[in-house]
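Student: Hi! Could you walk me through a structure while I have it open?
Tutor: Happy to, just ask as we go.

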Amino acid sequence: MEGIKKYIAEFIGTFTLVFMGCGTAMLVGCDSEYGGGYILTAFAFGLAIIALAYGVGNISGGHVNPAVSLGVLISGGMTITDFCGYVVAQILGALAGSALLDCIFKLGGLEDMTGGLGTNGLGGVNDNIAAGLIVEIILTFLFVILILGVTSKNQTHGSFGGLIIGLTLVGIHIIGIGLTGTSVNPARSLGPAIVAAIDGNTAPISVVWVFIVAPLIGATLAALVYGFLEGSKAEAAE
């Protein structure tokens, strides 16, 4: 039963992240030339993470991201069974959030300012796959290593961990939106891409592998590097 509760929390969390973040992008657009929509979208994703950290973080850890779960798994913070359950719940949550946004915008006759449910793409790097991979690997590495550090038992930040993580995600979106739309989260990318493809827009699904592979690589590197750094610190203290 405890496992089911954690998976439900991850479903709700990822649903909320996609609904708030992608929904904001769809409403206001992310044109960096004018900045307003760009900044609003960045804060929508970051504020969603802050809310989730304090809302469901005590139940599941508030990963809402397969890359974060992978980093935690490699660091020894969860079992492979829980990892698989988390990833399934996260993808289903992202699909549900995307589908509901699609439904609302269609029923309300609203214009999707992103043209694709807030999906990620490579337009900002002139469709260069290598550049997109590098951007997403680096941004995910920075995000996951921050999370591992903030949630470490050796940290003394008190109850501010969720705030720190959320504000970091805002910063990551500010630099990443103009490049790849900022994924750092395979579920967040896959959900909107699948729903967009069902609607006939297959462009996002054709490159979604970049936003699955790169975050997982970045998370793996972050877990390995953080494990090395924390291990070195422990050895030095002995």
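This is a predicted model: local features need pLDDT of at least 70, side-chain atom pairs count only at pLDDT 80 or more; totals for chains, interfaces and linings use all residues.

**Helix packing chat**

Tutor: Let's start with Q90, which lies in helix α5 (residues 80–108). Helices here are DSSP runs of H or I with at least four residues, numbered from the N terminus.

Student: Thanks! Is Q90 buried or exposed?
Tutor: Q90 counts as buried because its relative accessibility is 0%. Buried means under 20% relative accessible area, exposed means over 50%, and partly exposed is in between, using a 1.4 Å probe and protein chains only.

Student: And which residues is Q90 in contact with?
Tutor: Leaving aside neighbours within four places in sequence, Q90 is in contact with E10, T14, H63, V64, N65, P66, S69 and A187. Contact means heavy atoms within 4.5 Å.

Student: What about the geometry of α1 and α8?
Tutor: The two axes come within 10 Å and cross at roughly 65°, which means α1 is roughly perpendicular to α8. For the cut-offs, under 35 degrees is roughly parallel, over 145 roughly antiparallel, 65 to 115 roughly perpendicular, and the rest oblique. Axes are lines fitted to C-alpha atoms, for helices over the stretch in contact, with angles from 0 to 180 degrees between N-to-C directions.

Student: How about α4 and α6, at what angle do they pack?
Tutor: Helix α4 (residues 66–74) and helix α6 (residues 129–150) pack at about 55°, their axes 10 Å apart, so α4 is oblique to α6. On the α4 side the contact uses A67, V68, G71 and V72, and on the α6 side T140, F143, V144, I147 and L148. Those residues divide into 7 nonpolar and 2 polar, with no charged ones.

Student: Switching to α2, which of its residues are buried?
Tutor: The buried residues of α2 include Y38, F45, I49 and L52. The buried residues of α2 pack against α1 (2–28), α3 (57–60), α7 (161–180) and α8 (186–198).

Student: Let's zoom in on F45. What does F45 touch?
Tutor: Not counting residues up to four places away in sequence, F45 touches L17, G21, C22, L169, H173 and R188. F45 lies in helix α2 (residues 36–55) and counts as buried at 3% relative accessibility. F45 and L167 are 122 residues apart in sequence, yet 9.4 Å apart in space, C-alpha to C-alpha.

Student: Last one: is F15 buried or partly exposed?
Tutor: F15, found in helix α1, counts as partly exposed because its relative accessibility is 22%. With neighbours within four places in sequence set aside, F15 is in contact with G93, A94, A96, G97 and L100.

Notes: Residues are numbered from 1 along each chain as its sequence is written. Side-chain values use heavy atoms; hydrogens and water are left out. Helices (H or I, at least four residues) and strands (E, at least two) are DSSP runs, numbered from the N terminus. Ala, Val, Leu, Ile, Met, Phe, Trp, Tyr, Cys and Pro count as nonpolar, Asp, Glu, Lys and Arg as charged, and the others, Gly among them, as polar.
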